[in-house]
Amino acid sequence: MKFNESLHAMILDETDRKILRLLQEDAHLTLKDISSKINLSLTPVHDRVKRLEKEGVIEKYVSILNKKKLGKNLTVYCQVTLVRQTFDISDGFNQAILNLPEVVECNFVSGSFDYMLKIVLPDMESYHHFHQKKLSVLPEVSLINSFFIISEVKSTTVLPI
C-alpha cells in the first residue's frame, strides 16, 4: 500500500482490497477467518489490518441496526438553503446539526441549495415536530424542502473497492 499524493488516497493492492471487502460485509470476521478466505497466513493478515486501521483506511467498526425494528419508519431527505452562504452562517448550522441525533447524514452541496440532510424518525408526526421545533427555528435556515421516502430500493455502507 502506497500513498498517492495527488489524490490523497491510499493505493491498495489486491490483498488489501480483498480484506476490506470482507470486513465491509462482516466486521465480525476474525483474522483467522479472513486469512482462510484469502489464502494468506494469519500474521500478514494481522499486519495488513493493523496498517489499514493505523492509516485510517478502516475508520471504525460498527453495527448496522434495522430502522424498522427500532420503530424508525420514516426517512426524510431535506434540502436546506441558508440565509447567506458565509463561513460563520455555515459553521453555526454545522454545529447545530451535530446536536440533532435525528439527522444521520448532513452534506454541504453545490447547486440550488446548500445542504442535504438525511433524517430518520418514527413517523410523520415526529417529523412535523422536528421540522417545527428543531430545524426551521435555526437562525441560519432560510428554506427547507422535504422529500419523504416511500420505498427503500438500496441502502448499503459497502464502498466499491
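Tutor: What follows starts with the helices and then turns to the cores. Keep in mind that this is a predicted model.

Two packed helices are described by the angle between their axes and the distance between the axes.

Start with α1 and α2. Helix α1 covers residues 14–25, and helix α2 covers residues 31–38. They pack at an angle of about 125 degrees. Their axes lie 10 Å apart. Perpendicular pairs run from 65 to 115 degrees, and antiparallel ones are over 145. The two helices are therefore oblique to each other. The crossing of α1 and α2 is right-handed.

Which residues make this contact between α1 and α2? From α1 come T15, K18, I19, L22 and L23. From α2 come I34, K37 and I38. By type, five of these residues are nonpolar, one is polar and two are charged.

Now move along to the next pair. Helix α3 spans residues 42–54. It packs with α2 at an angle of about 110 degrees, and the axes are 9 Å apart. That angle falls within 65 to 115 degrees, so α2 and α3 are roughly perpendicular to each other. Here too the crossing is right-handed.

On the α2 side of this contact sit L31, K32, I34, S35 and I38. On the α3 side sit L42, V45, H46 and V49. This contact holds six nonpolar residues, two polar ones and one charged.

N39 sits in the loop between them. Its phi is near 55 degrees, a positive value in a residue other than glycine. Is N39 buried or exposed? Its relative accessibility is 70% and the cut-off for exposed is over 50%, so N39 counts as exposed.

Now for the cores. In soluble globular proteins, nonpolar side chains tend to be buried together. The largest nonpolar core here has 21 residues. C78, F93, L117, I119, Y127 and L135 touch the most other members. Two or more residues each come from β3 (74–82), α4 (87–98), β5 (115–121), α5 (124–135) and β6 (141–148). The largest share, five residues, comes from β3. A second, separate core of 11 residues includes L12, L23, I38 and L52.

Take I119 to begin with. Beyond its neighbours within four places in sequence, I119 is in contact with L74, T75, V76, C78, E102, V103, Y127, F130 and L135.

I144 lies in strand β6. It is buried, with a relative accessible area of 16%. Again leaving aside neighbours within four places, I144 contacts C78, Q79, Y127, H131, L135 and S136. I144 and L82 are 62 residues apart along the chain, yet their C-alpha atoms are separated by 9.0 Å.

T81 is found in strand β3. It is buried too, at 17% relative accessible area. Not counting residues up to four places away in sequence, T81 touches S112, F113, D114, E140, V141, S142 and L143.

Note on methods. Residues numbered from 1 in each chain as written. Predicted model: local features only at pLDDT ≥ 70, side-chain atom pairs only at ≥ 80, totals over all residues. Heavy atoms only, no water. Core = buried A, V, L, I, M, F, W, Y, C linked by side-chain atoms within 4.5 Å. Buried < 20%, exposed > 50% of the residue type's maximum accessible area, 1.4 Å probe, protein only. Helix = DSSP H or I, 4+ residues; strand = E, 2+ residues; numbered from the N terminus. Contact = heavy atoms within 4.5 Å. Axes fitted to C-alpha atoms, helices over the stretch in contact; angles between N-to-C directions. Parallel < 35°, antiparallel > 145°, perpendicular 65-115°, else oblique. Left-handed = near helix turned anticlockwise from the far one by under 90°. Nonpolar A, V, L, I, M, F, W, Y, C, P; charged D, E, K, R; others polar.
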